[in-house]
Amino acid sequence: MPATPTFSTIRHEIAGVSVADIARDYGTPTYVYDAAIIEERIDDLAKFDVIRYAQKACSNIAILDLMRKKGVVVDAVSTGEIHRAMAAGYKPGSKNHEIVYTADIFDRDALATVVKLDIPVNCGSPDMLDQLGAVKPGAHVTLRINPGFGHGHSQKTNTGGEQSKHGIWHEQLTDCLQKADRHGLMISGIHMHIGSGTDLEHLSQVCSAMERVVLEVGRSITTISAGGGLPIPYNDKQTYVDLDQYFELWDASRKRLEAALGHKISLEIEPGRYLVAESGYLVSEIRAIKQMGNNTFYLLDAGFNNLARPILYGSYHPMSIVPLDAGERADRDVVVGGPLCESGDIFTQEEGGYVCKRSLPSARIGEYLVLERAGAYGFVMASNYNSKPLAAEVLIKNGTAHLVRERQTPADLIRGERLLDG
Ligand code: LLP
């Protein structure tokens, strides 16, 4: 398990590279990732037979390539994610299922693509079984089961229970087995993912639900997936899950199932956040400091178009200031916001309030503010709202910064748009 993090509100470097140099070379806002942190997090999970990265957390092809070189396989929730995985060197249709399509629906394009490329499917709805069975009878599939309970860091990231649209409802398992039978589909695995950013107590409840389902399906099962959901600490009150304890719970379930079914079962884990959240930093420049009555606002050139988690979930991200001189910096209580024409474009909106104050060092215009632990669900949830270009992405490996995505240009923003004739 990683060491408890310390959070500092002053920072000069990321992975040994000066933040000011990154800002000068690539501009701001820019996402910066530290490859070494991702590699460490992968190693933390080495006891699982298969680490399947939920690439929706951060799908830059350079990050996927890094995962692939460390032996991590991927899931894909769309044709776009299949395309990304292949661009990073993953082989569709490979024996070890390097890419699995996992979703609650097939759009028409995704169905055609998984059939054409022979990509295994994790079905999250009974309709997917019908749609796949109609065009690929005999296929091996896994079932994503909603065990009837779930938990996440927010209700919006809870993916189990009857308020969730995800997975096959556990009481419909028998119907689905009959459906699969009718289509000649072979059910080779069961998958459960109850939510994102949850805790050990909820994660461990999944083991017994998994055992019940696998025993009902029977001997065809050769893989079980614990899903993702592992939390990371975003502040000093939050903790990691004890990974040894978590693995042991799953390993014990796996062993009981192996004894009952009489063959080996492969144990997968499917993390997103755990692998990439801590590696990512959003570097922004402070462009205005405003006093509004009792509130001091630091206004950045990054907004919720770049990092949506605070506005969507009230999520807390640690922040640090990059001072450009050696002077003393007293702390002050500030509200941190972005450039968008929308009052909610505020990064300090922890649950319970949308304009909260944060104690940060005094800063000057032109200095940088780094939003930390932003590697998961950061860039991938960005938008072009207010016609802001998507940020650049930089990956630091062995002390060297590499541009892995160019900042969008104004021409990118209108690509594909058409004026009416005349
Ligand atoms: N597997 C499945 C089927 C999932 O739907 C997800 C996440 C994962 C694995 C990975 O979960 P993780 O290990 O990252 O918790 N945008 C939200 C999180 C949404 C999660 C979506 N599904 C956030 O920023 O917190």
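Which residues in helix 8 meet which residues in helix 9? Leu200, Leu203, Ser204, Cys207, Met210, Glu211, Val214 and Leu215 in helix 8 meet Gln245, Tyr246, Leu249, Trp250, Ser253, Arg256, Leu257 and Ala260 in helix 9. Here, two residues are in contact if their C-beta atoms, placed from the backbone, lie within 7 Å.

This is a predicted model, where local features need pLDDT of at least 70, side-chain atom pairs count only at pLDDT 80 or more, and totals for chains, interfaces and linings use all residues. Numbering starts from 1 along each chain as its sequence is written.

**The helix pair**
- By class, this contact has 11 nonpolar, three polar and two charged residues (Ala, Val, Leu, Ile, Met, Phe, Trp, Tyr, Cys and Pro count as nonpolar, Asp, Glu, Lys and Arg as charged, and the others, Gly among them, as polar).
- Helix 8 covers residues 200-217 and helix 9 covers residues 243-261, and they pack at about 10° with axes 10 Å apart (axes are lines fitted to C-alpha atoms over the stretch in contact, and angles run from 0 to 180 degrees between N-to-C directions).
- The two helices are therefore roughly parallel (angles under 35 degrees count as that).

**The whole protein**
- There are 12 helices and 20 strands (DSSP runs: H or I, at least four residues, for helices; E, at least two, for strands; numbered from the N terminus).
- The C-alpha atoms fill a box of roughly 70 × 65 × 40 Å along the principal axes.
- Among contacts with a separation of 6 or more, 70% join residues 24 or more positions apart.

Terms used
Parallel < 35°, antiparallel > 145°, perpendicular 65-115°, else oblique.
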